[in-house]
Amino acid sequence: MCESCASTCLQDDEASALTRCIHLSWECAAVCDGMTKSLLGGSKYAQDWVLLCIEVCEDCAAECERHDHPCCRACAEACRACARVCGELLLTLA
């Protein structure tokens with residue numbers, strides 16, 4: 001969802017006003033990917049990745065909520081859901 005949001009925002013006529021949204025969306029996608037790989041690989045840093053994912057997802061959601069674009073709203077919802085699931089996941093990693 002984050003990659004889709006960033007790509008869509010880049011094509012917007014006023015992409016310069018969406019710079020922070022675009023950057024956070026790309027970063028969020030990268031962090032979520034890194035977290036997934038760390039979990040699948042049994043990394044000793046998995047818990048750190050999950051904590052980082054929660055933080056980046058919450059930041060991305062907050063930024064996306066500032067914009068009245070359908071892709072931004074969908075991205076914010078996905079990021080909020082991801083942060084919730086990651087919070088639950090932390091309980092299993094402790």
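1. Helix α4 has 24 residues and spans 34 Å from first to last C-alpha, close to the 34 Å expected at 1.5 Å a residue. The expected span is 1.5 Å times one less than the number of residues. Helices are DSSP runs (H or I, at least four residues), numbered from the N terminus.

2. The model is predicted: local features need pLDDT of at least 70, side-chain atom pairs count only at pLDDT 80 or more, and totals for chains, interfaces and linings use all residues. Residues are numbered from 1 along each chain as its sequence is written, and side-chain values use heavy atoms, without hydrogens and water.

3. Buried residues of α4 include Cys71, Cys75, Cys79 and Leu90. Buried means under 20% relative accessible area, exposed over 50%, partly exposed in between (1.4 Å probe, protein chains only). Their cover includes α1, α2 and α3, with contact meaning heavy atoms within 4.5 Å.

4. In α1 (residues 2–10), Cys2, Cys5, Ala6 and Cys9 are buried. They cover an arc of only 95 degrees around the axis, so they sit on the same side of α1. The arc is taken from the directions from the helix axis to the C-beta atoms.

5. The whole structure holds five salt bridges (a side-chain nitrogen of Lys or Arg within 4 Å of a carboxyl oxygen of Asp or Glu). Glu63 pairs with Arg20 at 3.4 Å, N to O. This links α3 to α2, 43 residues apart. Glu63 is buried, at 5% relative accessible area. Arg20, Glu63 and Arg66 form a salt-bridge network.

6. Asp68 and Arg73 form a salt bridge at 2.7 Å, N to O. Asp68 is exposed at 67% relative accessibility; Arg73 is partly exposed at 40%.

Terms used:
Helices (H or I, at least four residues) and strands (E, at least two) are DSSP runs, numbered from the N terminus.
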